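Work through the exercises below with the sequence and the 3D view side by side. Try each task before reading its solution.

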Amino acid sequence: PDVAVPLLKEISDKYVPGVLSHADLWALAANVSIRVMGGPDIPTRFGRHENTLLWDNSYFKDLLTKKYDEETTSAGYKQNRCPVTGTMMLVSDLALVQDASLKKHVEEYAKDQNLWFADFTKAWIKLQENGVEQYLRAVPSLVPEDGEAKQLQTALKQYGFYEGQLDGKFGPMTKKAVEDYQKFSGLVQDGVAGPITKAMLIKPRNDMNPDVSAAASKTRPLPFEAGSTVFYSVGTLPGYLNATKIEEAFSQWGTAMGVTFELSATPLRSRIHVQFADLSSLGEGTDGIAKPGGQLAEATPQGVTLDEGERW
């Protein structure tokens, strides 16, 4: 939603609700996306009504307080409908209050919405992660077990952002570590370990080495001073690539860093040397097995080596 909704905003502002509803717009967007990905061209018919959805514990309250009359659908299936509100419950829904062992949970959730949210969250995460545990083992502490704050601290400590005790308390030090990680990852620095930050933390990695160390981040000087001129040199380019592309890349890098990059005719004068080489044998995983295609690039204090087998 964070990506799709803004993309549709211009259309929504212009045509909703005068021409079509939001529901129509989402249906149209889905059909267009299927076509763009190579699927069939699905016609979209408009006329849907807006539905306001609310996520709360009213389902459990309705089970306990409303009366439902049994009816049979045109297909011959049994279901139950409230004569006052017209809402429907399946036989499996009413079984939750007919079975004493299940009814106690209905009563608890109807009384305490926070309890319902907490239990649903655990069950939903378990469902989402079922069958993909092998991918989550890269950061095993993020699989919910012993408390979310402690899991968060463990991951941040693994990657070099947290130096405190794994006490499971989300205090100022943990919040600062989250902010540092968000800054490093290019995320909004709000100190909140929300879905986007967590997703970034559990994203598959090539290694489990720290991204930063606290000491290094405090003392490490910037590689180039703002306002300075830095010379670079370029080795033999692949046939499809011209020097203009390299110049554009350095220009963008210089703008971001506040320095000016100038091309030098010789590596002897340059601070950075760019070259192309075969890196296909490099880039092994943590298990010692080389990854398909090998390593894309390698950076050292002296320069950058790009894999000549890739099309840059």
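Rings of Phe, Tyr and Trp (its six-membered ring) pair if their centres lie within 6.5 Å; planes under 30 degrees apart count as stacked, over 60 as edge-to-face and the rest as tilted. The model is predicted: local features need pLDDT of at least 70, side-chain atom pairs count only at pLDDT 80 or more, and totals for chains, interfaces and linings use all residues. Residues are numbered from 1 along each chain as its sequence is written, and side-chain values use heavy atoms, leaving out hydrogens and water.

**Exercise 1. Examine the aromatic pairs.**

Step 1. The structure holds 14 aromatic pairs. One of them joins Y109 and W116: it is tilted, with 5.5 Å centre to centre and 55 degrees between the planes.

Step 2. Check burial (buried means under 20% relative accessible area, exposed over 50%, partly exposed in between, with a 1.4 Å probe and protein chains only). Y109 has 13% and is buried. W116 has 16%, so W116 is buried too.

Step 3. F250 and W253 also form a tilted pair, at 5.8 Å centre to centre and 35 degrees between the planes. They sit 3 residues apart in helix α12 (residues 243-257), so about one helical turn separates them. Helices (H or I, at least four residues) and strands (E, at least two) are DSSP runs, numbered from the N terminus.

Step 4. F250 is buried at 6%, while W253 is partly exposed at 34%.

Step 5. Ring pairs link W55, Y59, F60, Y109, W116, F120 and W124 into a cluster.

**Exercise 2. Which side chain does T305 meet in a polar contact?**

Step 1. T305 lies in strand β8 (residues 303-307). At 12%, T305 is buried.

Step 2. The polar partner is the side chain of Q275, at 3.0 Å.

Key. Polar contact = N/O pair within 3.5 Å; in protein donor to acceptor, adjacent residues only side chain to side chain.
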